[in-house]
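Please keep the structure in view while going through the points.

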Amino acid sequence: MELRAASWNIHGDRGGDGRHDPDRTAAVIDELAADIIALQEVDAPLLRELAAATSLTPVAGPTGWRHRPGYGNALLTSARVVRYALLDLSQPDREPRGAVDADLLCHGRPVRVLATHLGLRPGERRRQTRALLTRLAATGPSPTLLLGDLNEWFLWGRPLRWLRHHFGATPKPATFPARWPLLALDRIWVEPRSALQALWRHDSPLARCASDHRPLLARVGLP
C-alpha cells in the first residue's frame, strides 16, 4: 500500500507567461494524480475553484498576507481529514508565514502531513525550521510528511542540516525556476526514511509554464 504526495508553489496562479489560468493549474494538479498535494501562494477563492475542478478536499492555511482573502498555504487531498491545526511561523517585520499540520486517513491508513512555506532570510528560516522540528517531536501518525517551499538555497545551511539529521538524507531535484530548474527550493521529507520509495520533479509542458516552480512528487509506502 502506498500514497503519492506532491508539493507545488503555484505562484498565485500566475504562469511564466504572466497569465492567470486556474484551468491550467487544475490540469497540472490532475497530472500529478496525488493523494496529498501541498500548495503554496494560494488564496481562498482560487483554492475553492481548484478543489471543485479536481474533486479534492481543501484544507486552507491562510497567513493573511497581501490583502488577499485566505492567502497562504493549503492542502488538497483525496484522503479523509481527521484533524488539522495551523502553526504560526511569522517573524517580526517579515511576511507572515505558517504551516498546516494535518492528520489524514489515506487508503485507510493514518498519515501526518505538515505543509509550509518558509521565509526569505536565513535567520528567519532557522527560527521557522526549529519551530517545525519542535512540532514534529510531538507524537502522531506514521508516516509523517513535511512538504513545502523551504526557500533554502544554502545547501550547507543549518535548516537543511537539521532536517537531514531528523529525516535522513533525501533526494533534492531542482524545481526553481520552472523553465530551467537550478535550485531545490521545494522539498518533501518523510519519516521514517524507509517509507520514502521515490522522489522526483514533475516535468510536463503544462508544469513548465503554469508557475515559476515545478511540482515535486513522492511515492510513500504505508505500513
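1. A word on the source. This is a predicted model. Residue numbers start from 1 and follow the sequence as written.

2. Start with the main core. The largest nonpolar core holds 25 residues. Leu 3, Ile 36, Leu 75, Val 111 and Leu 145 have the most contacts inside it. β6 gives the most, with four residues.

3. Look next at Leu 3. Setting aside neighbours within four places in sequence, Leu 3 contacts Ile 36, Val 111 and Leu 145, among others. Its partners also include Asp 35, Cys 106, His 107, Ala 218, Arg 219, Val 220 and Leu 222. There is also a second, separate core, this one of 21 residues. Trp 8, Leu 46, Ala 207 and Ala 210 are among its members.

4. Helix α1 (residues 22-32) and helix α2 (residues 44-54) have axes that come within 10 Å. The axes cross at roughly 50 degrees. The two helices are therefore oblique to each other. Their crossing is right-handed. On the α1 side, the contact uses Pro 22, Thr 25, Ala 26, Ile 29 and Asp 30. On the α2 side, it uses Leu 46, Glu 49, Leu 50, Ala 53 and Thr 54. By class, six of these residues are nonpolar, two polar and two charged.

5. Helix α3 (residues 122-137) and α4 have axes that come within 9 Å and cross at roughly 15 degrees. That angle is under 35 degrees, so α3 and α4 count as roughly parallel. Here the crossing is left-handed. From α3 come Arg 125, Arg 126, Thr 129, Arg 130, Leu 133 and Leu 136. From α4 come Arg 158, Pro 159, Trp 162, Leu 163, His 166 and Phe 167. This contact has six nonpolar, two polar and four charged residues.

6. Is Thr 144 buried or exposed? Its relative accessibility is 8%, so Thr 144 counts as buried. Thr 144 lies in strand β8. Beyond residues up to four places away in sequence, Thr 144 touches Arg 112, Leu 136, Phe 167, Trp 189, Val 190 and Glu 191. Leu 136 and Phe 167 also take part in the contact of α3 with α4.

7. Val 190 sits in strand β9. Val 190 is buried, with a relative accessible area of 0%. Outside four places in sequence, its contacts are Pro 143, Thr 144, Leu 145, Phe 167, Ala 195, Leu 196 and Val 220. Gly 98 is 92 residues away in sequence, and its C-alpha is 19 Å from that of Val 190.

8. Where does Ala 184 lie? Ala 184 is in the loop between α4 (158-167) and β9. Ala 184 is at 14% relative accessibility and counts as buried. Leaving out residues up to four places away, Ala 184 touches Glu 152, Lys 172, Pro 173, Ala 174 and Thr 175. Ala 184 and Asp 103 are 81 residues apart along the chain, with 26 Å between their C-alpha atoms.

Technical notes: This is a predicted model: local features need pLDDT of at least 70, side-chain atom pairs count only at pLDDT 80 or more; totals for chains, interfaces and linings use all residues. Side-chain values use heavy atoms; hydrogens and water are left out. A nonpolar core is a set of buried Ala, Val, Leu, Ile, Met, Phe, Trp, Tyr and Cys residues joined through side-chain atoms within 4.5 Å. Buried means under 20% relative accessible area, exposed over 50%, partly exposed in between (1.4 Å probe, protein chains only). Contact means heavy atoms within 4.5 Å. Axes are lines fitted to C-alpha atoms, for helices over the stretch in contact, and angles run from 0 to 180 degrees between N-to-C directions. Angles under 35 degrees count as roughly parallel, over 145 as roughly antiparallel, 65 to 115 as roughly perpendicular and the rest as oblique. A crossing is left-handed if the near helix is turned anticlockwise from the far one by less than a right angle, and right-handed if clockwise. Ala, Val, Leu, Ile, Met, Phe, Trp, Tyr, Cys and Pro count as nonpolar, Asp, Glu, Lys and Arg as charged, and the others, Gly among them, as polar.
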